[in-house]
Structures are given as structure tokens and as C-alpha cells.
Amino acid sequence: MKKQVFCGGFALALAVTGCGVQKKEAASDIVPENRQELTILHMDAGTEGFDSFISQAEKDLGIEIHIEKCPANADNRQAQIATLLTSGDDSVDLITVNDEMISEFKHKGFLLPLEDTVMTEETAANFPQEYLKEICMSDGHIFSVPFKMDIMAFWVNQELLDQAGLDRLSCLSDLEILQKKLQNTGKYAYGDAWEISYIYNSISEYVDFFGGDYTDWTDPKTREAAEYMKRMLDTGMISEENLIDQHDQLNEKFINGQYGCMFMYTGALSTFQNAGVYRKDKIHMAPFPEFDEKVTNIATWQYVLNKNSDHKEAALKFLQYVSGYEASKNYGQLTKMCSARLDVIEDKSLDLEGIEMIRQYLKDYKLKARPLCADSIEAVSSMGTEFQEYVLGQKTETEFFAGAQNCIDQYYKKASY
């Protein structure tokens, strides 16, 4: 099976070094091929509007593009793509990957660097710069092209806020007011995905909110963030059910009116639209409650070029196309999803649901890549296990902080990137 990822890079990031990276064949050295066809393992396969986008790309480029669908389950998806790359499979040319996957694969010599052929300085300048450096680059090379952006947004159920006499949730004390109003109703002020492989999103988000450092669990502000999250569970602000919830389960419960608010990526917008609940008097995005820092997580889906591809010329032509302004805008308009290019998001002629709030987030909040490492999948689950044991009272604060720091030392500091 096949898959591709978009990712970006920039000249300043050439100073970034990678761990265990062997000398790689540059995409610019590829001998052109005559056969213009391409196979992409794509996360968007089956998404409304995506077929139209690919059909337009085929017409514009003169390339026959074959699309194969990625597994929806994150673990299955990771396993399939890892097997494809490690086995030297040449049947897939481009693969779409998320932050966790590129953070692992970019170090292992499976992918071709793209800074000379696709993510040139001019093109890369249109993507979030720090994000490109942290996620898409290794050893001075850019290995992916971001195409779809997800911002961790703040979602509210306006019906429940209105019942509590709140126009909005402007501070943490408003959450407590909402909690008291919902007490003993089977509903909760806050919802989250605290399953061990997903809680990482919220831990890193809250650590940033409180001004801490995810890689330093001796930092009082980092500890304060975790302590606050535990109090959420202890005081009944969040349900213990959320400890087994991933994003799909959380979104379903939020649609059913079980939670007053949650942090969730902007990509959930289409889910709420399809459920008929996305509107100002029901579920919608809102400004964040006031925290110490005005910051939020950013993630993207990206294209990557399989080093063993038999159709590298066609693959590069496609990547140059989709990383450009016009194709990125067309992608957003057809799929109703947010492009990874900042200039496309800011284009006032782009009319998407929720785009004004997304632009407001870009204006008001610093966008940060989640801290990931070469063994990101294992590291995420390890931290999630530590955190669950802590909030369930199976570990003391001291034991949790020590375990969290051991996790950082094991996965993040065992090598210099």
C-alpha cells in the first residue's frame, strides 16, 4: 500500500542536525523517467472534494495519479507505512504522514530530501518556520511538504454555556462555574482524549499554557500544568471515561452534548458540520480562556517521497505543484480543509467555514510544534502511561514527575538531533 506526506523547510533550518542520518541521495540527482504516473498512499482518500482535486492535478500535470487509502486507525497506519518503507517497497511513490511519523522516518534514510527541488527557500517561507525546523527537517535537509494544517482550537457547546449564564469561558474560574451548573447531570464542563497514545496532545498543550517546558519536569510550571489536569479529574470537571477516549470517541460525545468545552484540532470542524451541530448557538470555536501563555499546538499532514520510488520525476512534479499557492488554495476550496500555507489561509477570497476564527488564532497565538522525537510513537505512549497512573492515584506526584523526566531522558535526550 502507498502513502505520501507534504512537509516544508527553510534555509535557516539548515543548521538543524539529525541523529543517525546517513548520506542520502538528493532528489535533484534523480535521472528523469519517461513514464508519467504516480501512486500515492493518501489519508484524504474518500474525503469529499479530494477526487476533484486529484483530477485537476492530473489535468494540470499530465500525470496519471493512483490513490490508495491509508488505514484510519493510527496504530495500523503507522505499522503499514513503517513496513512499506523498511522493506524497500517501490510500489508507492508518495506517502502522507503526520508529525509522529515524519519525526521517526526522517532520521532513517527512507525518504528523499526536498530542499533543492520542492521546498526551496522561496516556497518554504510560506509555511510556519519554527514548525518546519522542528518537524520536517533533520541534518540540514527538508524531508516533507505540509499540505493540511490542524491548529489545536478551543471548542465550546454554547447551549451548555447559556444554561450556566456564561457568554464565553474567558478564564479558568468560568470553567468552575460551568462545572457547578452541570454537577450531577451526567454532563461535564470539560472533555478530552486521555487515552495513553492521545493524552500527549493535551499534556504538551497545558504545559505550554502554564509557561512550562515539556522536556523539563523539574520546572515548577511544568508540574503545575500536570497538577491542574489531575485536579480536573479529582473535582469531576472531566469524566474518568475520557481516560480511554481517543479523538473519535471524544468528538462523538461532544456532539451529543456531554461536554461544555474541549481542546481539539480544527480538522474536527467537518465532523461537527456533518453532524449538523456547527453553529454559533451550538458547537463552535472560541477564543481560549486566559492562561499564562498565548500559545497552542499545530500539526500537519505532509507528503514524503519514498527513496525507492520508481517514478521520482512524476513525484517531484506533483510535489512542486501541491506546494504552490494555487494548488494549495484549490485543495482548501475543494476539500473544505485548511491549507498548510499561511498565505493561503490569509487570502480573503478563500471562503471556508471557521476560517475567520482560524485567522484569529494565527494572529493572537504562537503556534508551536509538539515536542516529538525519533521514537515518537513509543515515547508518546510511555508518557501517557505515566500520566494515567498519576491521575488515577496509582503514582504519587513525586513518582510521576520522576517517571516523566525518565521518559524525556530516555527518548528525547539519548541522542543529539
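In this predicted model, Arg 370 counts as buried because its relative accessibility is 5%, which lies under the 20% limit for that class. The side chain of Arg 370 is joined to that of Glu 100 by a polar contact of 2.8 Å. Leaving aside residues up to four places away in sequence, Arg 370 also touches Asp 99, Ile 135, Tyr 200, Asn 201, Ser 204, Tyr 265, Asn 297, Ile 298 and Ala 299, as well as Glu 100 itself.

One of these neighbours, Ile 135, belongs to helix α5, where the buried residues are Tyr 131, Leu 132, Ile 135 and Cys 136. Viewed down the axis of α5, the buried residues fall within an arc of 100 degrees, so they line one face of the helix. An α-helix has 3.6 residues a turn, so residues three or four places apart point the same way.

The elements named in this report span the following residues.

| Element | Residues |
|---|---|
| Helix α5 | residues 129–136 |

As for confidence, the chain averages a pLDDT of 91, and 91% of the residues score at least 70. Over residues 1–33, however, pLDDT stays under 50, although the model has 140 contacts for them beyond four places in sequence. Where pLDDT is low, the predicted coordinates should not be read in detail.

Methods:
Residues are numbered from 1 along each chain as its sequence is written. This is a predicted model: local features need pLDDT of at least 70, side-chain atom pairs count only at pLDDT 80 or more; totals for chains, interfaces and linings use all residues. Side-chain values use heavy atoms; hydrogens and water are left out. Buried means under 20% relative accessible area, exposed over 50%, partly exposed in between (1.4 Å probe, protein chains only). A polar contact is a pair of N or O atoms within 3.5 Å; within protein, one must be able to donate a hydrogen and the other to accept it, and residues adjacent in sequence count only if both atoms are side-chain atoms. Contact means heavy atoms within 4.5 Å. Helices (H or I, at least four residues) and strands (E, at least two) are DSSP runs, numbered from the N terminus. The arc is that of the directions from the helix axis to the C-beta atoms. pLDDT is the predictor's confidence in each residue, from 0 to 100.
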